[in-house]
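Let's take a walk through this structure together.

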Amino acid sequence: MTQTTSTHHEDGTAPPAGRFDAVVRAAVGQGLLGEGSQVAGFIDTEGVRASVGALHDAFAATPGVLHTFAAKACSLVPVLRLLAECGMGCEVASPGELRLAVEAGFAASRIVLDSPAKTREEIRLALALGVAVNADSLDELRRVDALRDPGTESVLGLRVNPQVGGGSIGPMSTATDTSKFGVALRDPGAREAIVGAFRERPWLTRLHAHVGSQGCPLELIAAGVAQTYELAEEINATLGVRQVTSLDIGGGLPVNFTDETVHPTYADYVAALTAAAPGLFSGRYSLVTEFGRSLLAKNGFIGARVEYTKDAGGRRIALTHAGAQTATRTVLMPDAWPLRIGAFGPDGTPKGGPPLAQDIAGPCCFAGDVVAYARELPELAEDDLVVLYDTGAYYFSTPWAYNSLPRPAVYGFRTGARPADGSGKGRSDHDGPVAFVTVRDAQSLDNIAAESGLAHADALVEPGD
Ligand SMILES: *Cc1c(COP(=O)(O)O)cnc(C)c1O
């Protein structure tokens with residue numbers, strides 16, 4: 001298993017200051033974590049703005065880029081609205097995500113619909129709204145043929161799989177030879193079929209590829225984008241007209257989960273793309289990006305109480321309230337998705353003390369519900385808190401309903417004293433007040449019962465039983 005950085009000091013005494021220490025302390029002080037609120041997700045709204053700013057800066061030299069946020073990475077309406085306000089568009093992949101994007105206030109022209117299993121109804125709605133649609137296959141294109149009104153404002157594209165290979169996490173690799181996504185570009189006859197599909201459809205103007213995600217080196221992603229660029233050039237040259245006018249290059253920038261630093265950066269990504277496909281930034285094509293994890297992961301964390309500790313077979317185990325219901329990926333694939341974990345006292349101050357190897361377990365009733373095995377942390381005790389870092393994307397926003405555990409509350413926060421002019425001057429992550437807002441309420445027991453068929457409670461018994 002990958003060795004990840006823990007928050008204890010080598011000399012085993014004072015822990016180093018962490019970016020969110022003041023936030024954890026304030027969350028306890030304001031009753032958002034502790035007895036009665038066992039687990040919650042937290043989002044750094046200023047951090048999100050800064051990450052969006054870094055993305056826009058990296059592409060600043062290229063006009064006509066639409067940066068969309070992959071809604072699945074943090075499918076919460078207030079987060080999507082924040083991103084809309086920051087100038088992002090939205091990539092959606094289901095009727096539910098499309099609904100969230102519309103509720104969040106994204107203009108239809110800034111929404112892109114992907115997904116490998118779009119129903120006719122979904123396509124019809126997207127075309128009526130004017131949302132861009134990337135068909136995942138030639139069969140799906142034929143459905144679009146039948147449903148498309150010539151007056152639709154939707155930009156229509158075709159997803160290809162450049163088949164450049166996978167990364168280190170099999171289930172995250174979308175560009176293997178046998179990936180389920182897109183038209184497999186290197187299969188026999190595929191290029192000709194794709195060129196033919198564009199020839200028959202003058203309204204088909206976009207190529208899409210998403211080579212990702214986590215675990216894929218930048219060069220691999222860039223090679224996939226370069227293949228897509230070259231295909232666009234080939235289509236336009238063969239047809240003798242610049243029919244392909246935009247390229248949707250997907251997302252998938254990997255995130256560093258081993259410490260607080262952000263790398264690779266968006267600037268590194270643009271440099272890799274420039275090296276692999278210099279023409280990409282020439283202005284010949286307008287570009288769409290679809291980043292998810294890299295915008296949110298480091299701007300969120302999970303805080304959870306330690307309910308008990310125990311020893312079993314010579315091993316220390318901390319039983320916490322953060323398990324598979326909120327850290328699903330890490331619990332199911334601990335080697336692929338290791339998380340940094342911080343240890344805090346009941347008052348929310350970082351714990352010191354010599355490191356002790358402890359299993360950090362969750363509340364679910366299956367033995368594998370462990371977010372970290374033998375992690376060296378200051379010794380945890382009842383009522384302490386653990387913090388799971390870098391969990392702003394695909395963690396608390398995407399809970400699993402196992403054991404009827406409630407969806408945890410999610411809070412947004414701002415740190416530091418903010419001057420009235422809003423300039424951000426004088427802001428510091430380590431002092432000043434921390435202001436929280438509710439992004440999602442914790443799920444209530446009434447709601448759990450309702451979602452578990454309460455309205456149909458008698459459905460399986462005879463009337464009068
Ligand atoms: C998931 C997904 C993304 C975002 O991937 P990240 O790794 O979160 O950046 C972008 N595009 C498509 C089509 C996706 O499925």
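Start with alanine 442, which is partly exposed because its relative accessible area is 47% (buried means under 20%, exposed over 50% and partly exposed in between, with a 1.4 Å probe and protein chains only). You'll find alanine 442 in the loop between β18 (434-440) and α12 (445-451); helices (H or I, at least four residues) and strands (E, at least two) are DSSP runs, numbered from the N terminus. Alanine 442 and alanine 17 are 425 residues apart in sequence and 29 Å apart in space, C-alpha to C-alpha.

A quick word on what you're looking at: this is a predicted model, where local features need pLDDT of at least 70, side-chain atom pairs count only at pLDDT 80 or more, and totals for chains, interfaces and linings use all residues. Residues are numbered from 1 along each chain as its sequence is written, and side-chain values use heavy atoms, leaving out hydrogens and water.

Zooming out, the chain has twelve helices and 18 strands. Of its 465 residues, 53% are buried. The C-alpha trace spans about 70 × 65 × 50 Å along its principal axes.

Now for the salt bridges, each a side-chain nitrogen of Lys or Arg within 4 Å of a carboxyl oxygen of Asp or Glu. The whole structure holds 22 of them, and here are some:

| Aspartate 44 | Arginine 19 | 2.9 Å |

Aspartate 44 is buried, at 3% relative accessible area, while arginine 19 is partly exposed at 23%. Glutamate 121 and arginine 124 are about one helical turn apart, because they sit three residues apart in helix α5 (residues 120-129).

Finally, the ligand. Its surroundings count 14 residues, with Lys72, Ser213, Glu290, Arg293 and Tyr394 the closest (a residue is near if one of its heavy atoms lies within 4 Å). A nitrogen atom of the ligand is 2.7 Å from an N or O atom in the side chain of glutamate 290, and an oxygen atom of the ligand is 2.6 Å from one in the side chain of tyrosine 394; polar contacts like these are pairs of N or O atoms within 3.5 Å.

How values were computed:
Polar contact = N/O pair within 3.5 Å; in protein donor to acceptor, adjacent residues only side chain to side chain.
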